[in-house]
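Subject: Handover of a structural model

Dear colleague,

Please find the structure below, followed by an account of what was found in it.

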Amino acid sequence: MKYLLIAVSLLAATAVQAQKTAPVQVPGYPISPVPFTQVKVGDGFWGQRLKASREVTIPLAFSKCEESGRYRNFEIAARQLAGENTEDVKVEGFSFDDTDVYKTIEGASYSLQTYPDKKLVAYIDSVLEIVKGGQEPDGYLNTAWTMNPKHPHQWHGTQRWEKVEVLSHEFYNLGHMLEGAVAHYQATGKRNFLDIAIRYADCVCREIGLGEGQVDRVPGHQIAEMGLVKLYLMTGDQKYLDQAKYFLDRRGKTTRQDLYSQAHKPVVEQDEAVGHAVRATYMYAGMADVAAITGDSAYLKAIDKIWDNIVSKKYYITGGIGARHAGEAFGDNYELPNAEAYCETCAAIGNVYVNHRLFLLHGESKYYDVVERTLYNALISGVSLEGNSFFYPNPLAVASDMNYARKAWFGCACCPSNISRFIPSLPGYVYAVRDRDVYVNLFMNNTAQLTVGGKKVELEQQTVYPYGDEVSVRINKNAAGLFALKVRVPGWVNGDVVPSDLYRFVDGQETKYNVTVTDAKGRSLYPDGRITADGYYTIARPWKKGDVVTIHFDMVPRIVAANDKVWADRGMVAVERGPLVYCAEWPDNAADVRTYLLNRQARFSVENAELKTDQGNIYPICTLTTSDVQTLGYDQAGKLVVKDGRLTMIPYYAWDHRGQKGGMEVWLPVTVGAASATPRLFKEQGSNGFFNR
């Protein structure tokens, strides 16, 4: 790429070491996540995903930004600012195309903190020079306007901010810019992106509000709230926190007052998840941030009610949210269709943001049960194992003639660029610390450097989770003396599918867990631990180097039924093992997957297997196989024929890696009446009318 060549030249010409400044410390969440820079993920399930992100997804996202004209937009804006006549420029694409550049830089910055790369740093610097060129003198930065102010993007009005509550996305662009700029500054110590972002944030703070000469506007698409809080935490400048709170407090009080954008009532009066699912989760995450810093209990009460509504009535078995294609929105309570499910990848990411923040506020394991389910299913389904193709929606059923598959990119590229920024940040979700409590929230091979009571602690995890049933946590170093190790006991091992009655296990099985502690010589130590009210197995002791905590979870295939109020799943069941939801896909089964009728007491065998993708790569998986199944068909006379069969299922995240010749189903019928053909309601992905961002 031409910009990479420019970057290498810049690196050779200017090898200036930027000075890092520590972020200002402010009151906030009672629990602190261990930064991803202090958690080194090793080989295994997530190691493969992180490698694919670093080596494939992020470079692909940068190349797509170049070839799709994202960089060119900034260059045209710079020409206009330099006095060139650009009235003949037709502003196309989407009004939020700038954010794909910002999000990709954010993901690359996360990657840089664990995998330094001078060429990548220089490449980003070259891109930021282009971005800087499109910034107006007062800090405003939005190429969809600046490229041609007399004829801007069709979603803009005749002046700035005129349609920011509807379609112009000026504040949405700001939010992603701030998130990317903070990540870049933390990764490199350079202020080139941060200074650009601060100038735009200052512009917004000057022009938006209730003061004289300001205009009263809230974001049409939320995320500026999250970004402004991050900027406040970085700089300590109160005006950024005040602006974030203003955006939230004014919601439902300006000219926009609709369900779609969560502006139907003030945020503190909301108690149900409604409207565009991505906008909603970004807003809820911003509310949690502001509540944590300001202590606003009204915000917290509202978020808690909304969270309960989601997990009790609007949450897919895969961890996805957002039932409707129309408006990319939450549906009514218990409206959870399968083939028609939207379950946008961005919404899954937003759901992780919300639940992570609620854990940091409340310290209960149930929030991480939601995080885990979403991570392993609805979220990583959105990107192929190779890291080079993507889903926008993530349905739970696909008929053989739907021709539904991951795409190499989209015109509306929010999901691929969002994946490119989220996956590299994953190590920051593994551990957390409060005082002398150390939380182990996710299970993956890693070594982590923690600070407990001002002293250094090093932990090492070894596991083959999510396929294996055992996790070991070793104390490599401990200068902190006594502290409590709190290991999350997943809800699924305790018989809770989700933290509500929305789903339940119906196979009559009982699963348990056990914990052992050994010292450096392998001698057994009395664990002296207990399950505490927060859902964690807690062991408090003066840990010594070489001590190992081993947790065994009974990880067996389980059959799940939905609450009877979920009409789409009546007479049907789903199958999961550990945190993984399974699906039946065409390459593994002799009959159409829609024709299988599962025995209510079916038992599955677990087999280590390999999935060979249509790109020729091989990945280890576990398959589930049962003969407690029948297939339904018709004879030549048109009479129903029932035959014994054999059914093989694979993890949901792994589907659509072997071509598009057949269907996929998560929910399988256990009654004949439920075995109806999957509706053909999908539009061809990528058409202009398909997305409603």
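A residue is called exposed when its relative accessible area is over 50%, buried when it is under 20%, and partly exposed in between (1.4 Å probe, protein chains only). By that scale Tyr634 is exposed, with a relative accessible area of 65%.

The model is predicted: local features need pLDDT of at least 70, side-chain atom pairs count only at pLDDT 80 or more, and totals for chains, interfaces and linings use all residues. Residues are numbered from 1 along each chain as its sequence is written, and side-chain values use heavy atoms, with hydrogens and water left out.

Surface patch

Tyr634 belongs to strand S22 (residues 629–634); strands (E, at least two residues) and helices (H or I, at least four) are DSSP runs numbered from the N terminus. Together with Leu640 and Val642, Tyr634 forms a nonpolar patch on the surface, with about 340 Å² of accessible area. Such patches are made of residues with over 30% relative accessible area and no salt bridge, nonpolar side chains (Val, Leu, Ile, Met, Phe, Trp, Tyr) being joined within 5 Å and like charges within 9 Å. Accessible areas come from the Shrake-Rupley method with a 1.4 Å probe, and for residues only the protein chains shown count as cover. A salt bridge is a side-chain nitrogen of Lys or Arg within 4 Å of a carboxyl oxygen of Asp or Glu.

In strand S18 (residues 580–585), six of six residues are buried. Leu580, Tyr582 and Ala584 on one side are buried, as are Val581, Cys583 and Glu585 on the other, so that both faces are covered. In a regular strand the side chains alternate between the two faces of the sheet.

Two strands are taken to pair if DSSP finds at least two bridges between them. S18 is joined to strand S17 (residues 572–577) by two bridges, running antiparallel, and Glu576 stands opposite Val581. These two strands form a hairpin with two residues between them, and Gly578 in the turn has a positive phi of about 60°. Two bridges also link S18 to strand S24 (residues 647–651), again antiparallel, with Pro651 as the bridge partner of Tyr582. Strand S25 (residues 664–665) is antiparallel to S18 and joined to it by two bridges; here Ala584 stands opposite Glu665.

Strand S9

Strand S9 (residues 482–488) has six of its seven residues buried, so it is largely enclosed by the rest of the structure. Four bridges join S9 to strand S5 (residues 437–440) in parallel, and Lys486 is the bridge partner of Tyr439. Strand S14 (residues 536–542) runs antiparallel to S9, with seven bridges between them; Val487 stands opposite Tyr537.

The open sheet

Seven strands form an open sheet in the order S2-S6-S7-S8-S15-S11-S12, with antiparallel pairing. Strand S2 (39–41) and strand S12 (524–525) stand at the edges with a single partner strand each, so one side of each is left without a neighbour in the sheet. Within this sheet, strand S7 (residues 455–463) and strand S8 (residues 470–478) are joined by seven bridges, and Val471 is the bridge partner of Thr463.

A buried loop residue

Ser425 lies in the loop between helix H15 (414–422) and strand S4 (431–434). Its relative accessibility is 9%, so Ser425 counts as buried. Leaving aside residues up to four places away in sequence, Ser425 touches Phe36 and Tyr110, where contact means heavy atoms within 4.5 Å.

With kind regards
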